[in-house]
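Subject: Structure handover

Hello,

Here is the structure for your files. My notes on what was found in it follow below.

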Amino acid sequence: MDLEIARFDPAAADMAACHDLLVASHHVDLPGEPPLPLAELVGRWARPLPGMGTAERWVGFRGDDLVALAQVNFLDAENSAIGVTHIVVHPAARRAGIGGAMLRAVLPALRERGRRVIEGWEVVAGTAGERWAAAMGFRRVRTVVRQALVTAKADPSRWDVPVPAGYRLLWWAGGAPDAVLDSYAAARGAIHDAPLGESDYRWPRWSPARVRAAEAEARAQGLEQRIVAAVHERTGDVAAFTEVCVHPRRPDWGYQRDTAVVAAHRGRGLGRSVKAHMVRWLLAERPALARIGTTTGAENAHMIRVNREVGFTTLPSMIAVQRAVSPGTRPA
Ligand SMILES: CC(C)(COP(=O)(O)OP(=O)(O)OC[C@H]1O[C@@H](n2cnc3c(N)ncnc32)[C@H](O)[C@@H]1OP(=O)(O)O)[C@@H](O)C(=O)NCCC(=O)NCCS
């Protein structure tokens, strides 16, 4: 096989060719879903999304044809042992050993950066990726339900959700008001109850300082970070929140991020209330918003049901796969 693998060089890169490859693969694995626009790909490769650490990339060529891409995100803080790896081979070049060769090419960088575990988070269940991962010694550690709210098809009456008695809603874009910062940081910690399957990934340990750092990171990337929180009126504490980011390079798309209800306040409809209000607020200020996308651990039946109630429809699931960087050693 005349495959040549090299480090991706941003200065010499043909981003349109990279995008063409990803779009061709996307149409095979997620038919009917809109692919990532070129501008968004360029932006993400210039700077990974908040929480995704730093990234390195490799390209695989056959002659002049780009046939494969590999990306490793070196997560940081509590996830510093994990390299999140995504390998894509052009559909016309599959089953020729290229995916395996790309995997072997990234392993030295994972070892050099002290990674013990390699995880793939973007394998569409039931596709070639799942079978390939099994053949390469990965095991499934998590199933992730993907849901999307397509605003043109949704029924707005689903967003008429009352605020439960004893709570009031508070919402902001950019930075949490100082008055609720401490309890908002504590509420963010409630995401730790969201199941992660057997993935080695750990949710961030939230603190007021970390909240401010994450807000600054989002701002630096031009992300519009919107939060709707439910405040418990008696204590003034944040009891629940939901977060959606809108990216300037993809203004018609909302990225749902964390939603959590503090344990003592669960079972009162706060999750549905903050989510419904988020959709209303977003559409009032961004009427061109066409879609909000979200992912949830498959075991998390409550969140999946809340999303359905607010008008999200279910898409093909993703699986997360994992193996040791050096087989024969314990992965973590
Ligand atoms: C997954 C992917 C990278 C595999 O690329 P590839 O070049 O076709 O993979 P290889 O040729 O190295 O496959 C190695 C082995 O994996 C298994 N495999 C790969 N694709 C398979 C399929 N469609 N059905 C069954 N087994 C498959 C086979 O055992 C294969 O060996 P064989 O061809 O000798 O039988 C490619 O299908 C792809 O780009 N998918 C979309 C992105 C994705 O899901 N990536 C997941 C990795 S993070």
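Which residues does H232 touch, leaving aside those up to four places away in sequence? They are G166, Y167, D237, A239 and H265. Please keep in mind that this is a predicted model. H232 belongs to strand β8, which covers residues 224-232. With a relative accessible area of 12%, H232 counts as buried, because the cut-off for that is under 20%.

Next, the ligand. It is surrounded by 21 residues, and the closest are I87, V89, R95, G97 and G99.

- I87: a polar backbone atom lies 2.8 Å from a nitrogen atom of the ligand.
- R95: a backbone N or O atom is 2.7 Å from an oxygen atom of the ligand.
- G97: a polar backbone atom is 2.7 Å from an oxygen atom of the ligand.

On its own the ligand has 910 Å² of accessible area, and the protein covers 79% of it.

Then the aromatic rings. The structure has 8 aromatic pairs. One of them joins Y201 and W203 edge-to-face, at 5.8 Å centre to centre and with 85° between the planes. Y201 and W203 are both buried, and together with W121 they make up one aromatic cluster.

R113 sits over the ring of F74, 4.0 Å from its centre. For R323 the ring is that of F138, with 5.7 Å to the centre.

Regards

Technical notes: Residues are numbered from 1 along each chain as its sequence is written. This is a predicted model: local features need pLDDT of at least 70, side-chain atom pairs count only at pLDDT 80 or more; totals for chains, interfaces and linings use all residues. Side-chain values use heavy atoms; hydrogens and water are left out. Helices (H or I, at least four residues) and strands (E, at least two) are DSSP runs, numbered from the N terminus. Buried means under 20% relative accessible area, exposed over 50%, partly exposed in between (1.4 Å probe, protein chains only). Contact means heavy atoms within 4.5 Å. Rings of Phe, Tyr and Trp (its six-membered ring) pair if their centres lie within 6.5 Å; planes under 30 degrees apart count as stacked, over 60 as edge-to-face and the rest as tilted. A charge sits over a ring if NZ of Lys or CZ of Arg is within 6 Å of the ring centre and within 35 degrees of the ring normal. A residue is near a molecule or strand if one of its heavy atoms lies within 4 Å of it. A polar contact is a pair of N or O atoms within 3.5 Å; within protein, one must be able to donate a hydrogen and the other to accept it, and residues adjacent in sequence count only if both atoms are side-chain atoms. Accessible areas come from the Shrake-Rupley method with a 1.4 Å probe; for residues, only the protein chains shown count as cover.
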